[in-house]
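Dear colleague,

Please look through it before reading on.

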Amino acid sequence: MLEQQESQILVVFPHPDDEAFGVSGTLAQYANAGVPITYACLTLGEMGRNLGNPPFATRESLPEIRKKELQASCDSIGIQDLRMMGLRDKTVEFEDDEKMVQMMTKLIDELQPSLVITFYPNYAVHPDHEATCKAVVRAIRRMPVNERPRLYGVAFANDTVEGLGEPDIVNDIRDVYEHKLGSMKAHASQTGWMLQEEEKRREEGDTAESNWFTDESMYSYKWDQDFEESF
Amino acid sequence: METVEITKLQELINSFANEDVYIHLETTNGAYASHFDEKVFNAGCFIRNVVVQYELGKVTPEAPHRVGLKLANGGWIYAQGITHFELDDQGRLLMAGHDYEGKLAVALEISKTPFAY
């Protein structure tokens, strides 16, 4: 359940479907509670590998498909303000670093979020994830401490618990199962395998205590263990 | 996309020869390859909107196919593992190799106009 009251949430991820796996349940809970959510999605996952065999899409038609999937996912979650930022999949880390910080600063200045959700630096696995969340941290670091929004990071590197300990934010999301399932289903081109797993799990009457559809966890950003000294 | 049909694909490759064309060439084993299996050495590359001219292009007979383009300046473009192709609605020749799980492993695309960003 949600512990904090929020006035505006800003979510920043680089790929359509990044929001589905880790935070769609949590976001649905906030949306149900009437909190406005803006999702800045940096790319359209243009370089996604799941094209099927026989293929259902080409390298060139995939972005349009994923754009529609992203919109459908946002509908399912209850995100009303979706911003597609126009970068290309796999290239985020090669953009000008200061330009990336400015992009985040602009969003924060405009929206004045009370909570920002992105990945957790150094525990985000994909180079686009790392570049995205580092730009977000840098933008917020520049703000006076007492004006900073809360910052939550999604971490899923294999050494996450070793490095960050157990997550301090754990949301029970069983009440928004349909929203999360809808978000995952919306990204069918990418999540097909995972949905099959979930279906199997349900059919077998799996009562595992924790899975994609029971809880979501994040880490409050540890400013006292910042990923870099300065930028 | 359809499964490679040599005669058809060879004709299409010929139709882009001897003029400036834009190339997208890519190989990948996925950004998560070494996250799921730490023994995997992850390597890949892509180039996009590089202009070249080729004087001879060939697709080899056995599937999955290799495609080689001999460039007018003495250089080469080479792709291995091509399984599918199509001439898309914008007249671009898209070739791709999809693995047994339906994941793209290689792509070679030839266009007379630039690819989107």
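What percentage of the 231 residues of chain A count as buried? In this model, which is a predicted one, the share of buried residues in chain A comes to 46%.

Along the principal axes, the C-alpha atoms of chain A fill a box of roughly 50 × 40 × 35 Å. Of the contacts in chain A with a separation of 6 or more, 82% are between residues 24 or more positions apart.

Within chain A, helix H3 (residues 97-111) and helix H4 (residues 127-141) have axes that come within 8 Å and cross at roughly 60°, which means that H3(A) is oblique to H4(A). The crossing of these two helices, H3(A) and H4(A), is right-handed. H3(A) contributes residues including Met100(A), Met104(A) and Ile108(A) to the contact, while those from H4(A) include Ala131(A), Ala135(A) and Arg138(A). By class, the residues of this contact are nine nonpolar, one polar and one charged.

Turning to the two chains, 21 residues of chain B are in contact with 14 residues of chain A. On the side of chain B that touches chain A, strands E7 (84-87), E8 (93-98) and E9 (104-111) of chain B each supply at least two residues, and that side has nine nonpolar, seven polar and five charged residues.

Methods:
Residues are numbered from 1 along each chain as its sequence is written. Chains are lettered from A and ligands numbered from 1 in the order in which they are written. This is a predicted model: local features need pLDDT of at least 70, side-chain atom pairs count only at pLDDT 80 or more; totals for chains, interfaces and linings use all residues. Axes are lines fitted to C-alpha atoms, for helices over the stretch in contact, and angles run from 0 to 180 degrees between N-to-C directions. Helices (H or I, at least four residues) and strands (E, at least two) are DSSP runs, numbered from the N terminus. Angles under 35 degrees count as roughly parallel, over 145 as roughly antiparallel, 65 to 115 as roughly perpendicular and the rest as oblique. A crossing is left-handed if the near helix is turned anticlockwise from the far one by less than a right angle, and right-handed if clockwise. Two residues are in contact if their C-beta atoms, placed from the backbone, lie within 7 Å. Ala, Val, Leu, Ile, Met, Phe, Trp, Tyr, Cys and Pro count as nonpolar, Asp, Glu, Lys and Arg as charged, and the others, Gly among them, as polar. A residue is buried if 20 or more other C-beta atoms lie within 10 Å of its own, exposed if 12 or fewer, and partly exposed in between; C-beta atoms are placed from the backbone.
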